[in-house]
Amino acid sequence: GAEAGHHKMVRSSLPLPTGIVISRRSLMLSSTVKWLIIAVLGSGLVLSARYWNNHRKRIDKSMPCNAATETLPVLDAENLKADQLAKYQGKPVLMRGTLQADDLADKEFGLTFHGIYLRRSIEMFQWTKDGSEYHKHWYPYVIDSMSFTRGHLNPLLMPFHDEEHIREKIFLHGSIAVSPLLIPQFSFAHRVPITALDLERLPEDLQGTFRVVHDQFFRGRDIHYPSIGDVRVHFAGIGAVNVTILATLNNKELVPCPPSSKSTHVAEGHIGESALVVPGILDQDEMRTAFFQSIDHGLGIPWWLYLLGVIHVACFAVLGYFAFFTQRIRDFRSD
């Protein structure tokens with residue numbers, strides 16, 4: 001018999017039936033299948049969440065003028081006929097054509113741009129405070145530095161201000177007018193490069209104070225190593241480009257579509273959302289694609305975040321598998 005003070009350890013698990021042998025391969029196979037199912041289900045949930053989110057966005061922000069569900073006439077402003085003009089009065093249409101441009105002048109900097117829209121943007125290099133640390137960066141507005149410590153003071157005022165120039169009346173091929181209510185939809189301005197000729201045209205009071213660096217006006221010693229108070233000025237504009245406009249045809253003018261039951265997102269102050277302006281000559285399918293891509297880019301959860309979720313689920317499955325497999329091997333060896 002066993003001596004006093006010694007106890008025989010008895011495993012609580014039931015003995016395996018005679019003739020059954022558990023191999024490492026069988027343990028690995030069963031564990032792999034188990035955790036693979038978990039990974040697939042988890043990834044499916046993540047992707048389902050993205051599909052639901054996109055579907056919700058399409059409901060909450062339906063395409064203007066019901067263009068996502070109804071077939072609309074596609075008209076070319078250059079070849080628009082009188083019978084077409086009469087036939088589609090008061091109806092949503094896709095109107096394609098070239099914007100009629102005019103010279104827009106920024107008198108403060110002596111710059112002239114041929115287009116329908118010109119924007120001047122001013123940035124100044126300044127101190128900013130993040131907690132107890134100070135950083136320097138370009139900002140389009142004055143950073144109040146009254147509470148900053150000595151040696152971290154910013155100029156009190158911006159030397160110049162942002163300014164916009166918009167053509168008074170916008171036309172497609174000079175025949176179809178564009179309502180001012182659609183101007184917020186013209187959101188595809190491109191950078192206007194500044195050249196040495198523009199530097200020569202600067203007003204007399206600015207001569208010798210600016211240089212042209214990276215297609216913009218720069219006032220300072222070195223744009224790569226700027227100092228506090230340095231200024232850079234760049235411009236953006238919309239020229240005589242081809243566009244496709246989704247709107248209602250009212251006489252010879254394109255106006256926003258009236259809100260419908262499918263467009264409840266159009267609220268007061270957001271009437272521009274009941275129309276759509278896209279650069280290029282597009283058909284209705286291409287307009288739909290451009291619209292939904294803009295939603296995915298601007299409103300939805302980005303693809304990389306969903307991918308991160310899938311990776312997280314996969315890592316959980318792998319770690320869980322190794323933990324489960326290691327424990328089973330230990331049990332197997334102890335038998």
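These legends describe close-up views of a predicted model of a protein chain.

**View 1. Confidence along the chain.** The protein chain averages a pLDDT of 81. At least 70 is the score of 68% of the residues. Residues 261–272 stay under 50. For this stretch, the model has 18 contacts beyond four places in sequence.

**View 2. The largest nonpolar core.** This core has 24 residues. Met95, Leu99, Leu172, Phe186, Ile245 and Leu254 have the most contacts inside it. Four strands each supply at least two residues of this core: E2 (92–98), E8 (170–172), E9 (176–178) and E14 (242–250). E14 gives the most, with four residues. In soluble globular proteins, nonpolar side chains tend to be buried together.

**View 3. Methionine 95 and its contacts.** Neighbours within four places in sequence are left aside here. Methionine 95 is in contact with Leu75, Asp76, Ala77 and Leu80, among others. Its contacts also include Leu172 and Ile176. Further along the chain, Val243, Thr244, Ile245, Leu249 and Leu254 are in contact with methionine 95 too.

**View 4. A second core.** This core is separate and has 18 residues. Among them are Phe113, Met158, Phe160 and Phe235.

**View 5. Aspartate 198 in helix H3.** Helix H3 covers residues 196–200, and aspartate 198 has its place there. Is aspartate 198 buried or exposed? Its relative accessible area is 10%, and buried means under 20%, so aspartate 198 is buried. Its side chain reaches the backbone nitrogen of threonine 195 at 3.0 Å. Not counting residues up to four places away in sequence, aspartate 198 touches Leu111, Pro193 and Phe217.

Technical notes:
Residues are numbered from 1 along each chain as its sequence is written. This is a predicted model: local features need pLDDT of at least 70, side-chain atom pairs count only at pLDDT 80 or more; totals for chains, interfaces and linings use all residues. Side-chain values use heavy atoms; hydrogens and water are left out. pLDDT is the predictor's confidence in each residue, from 0 to 100. Contact means heavy atoms within 4.5 Å. A nonpolar core is a set of buried Ala, Val, Leu, Ile, Met, Phe, Trp, Tyr and Cys residues joined through side-chain atoms within 4.5 Å. Buried means under 20% relative accessible area, exposed over 50%, partly exposed in between (1.4 Å probe, protein chains only). A polar contact is a pair of N or O atoms within 3.5 Å; within protein, one must be able to donate a hydrogen and the other to accept it, and residues adjacent in sequence count only if both atoms are side-chain atoms.
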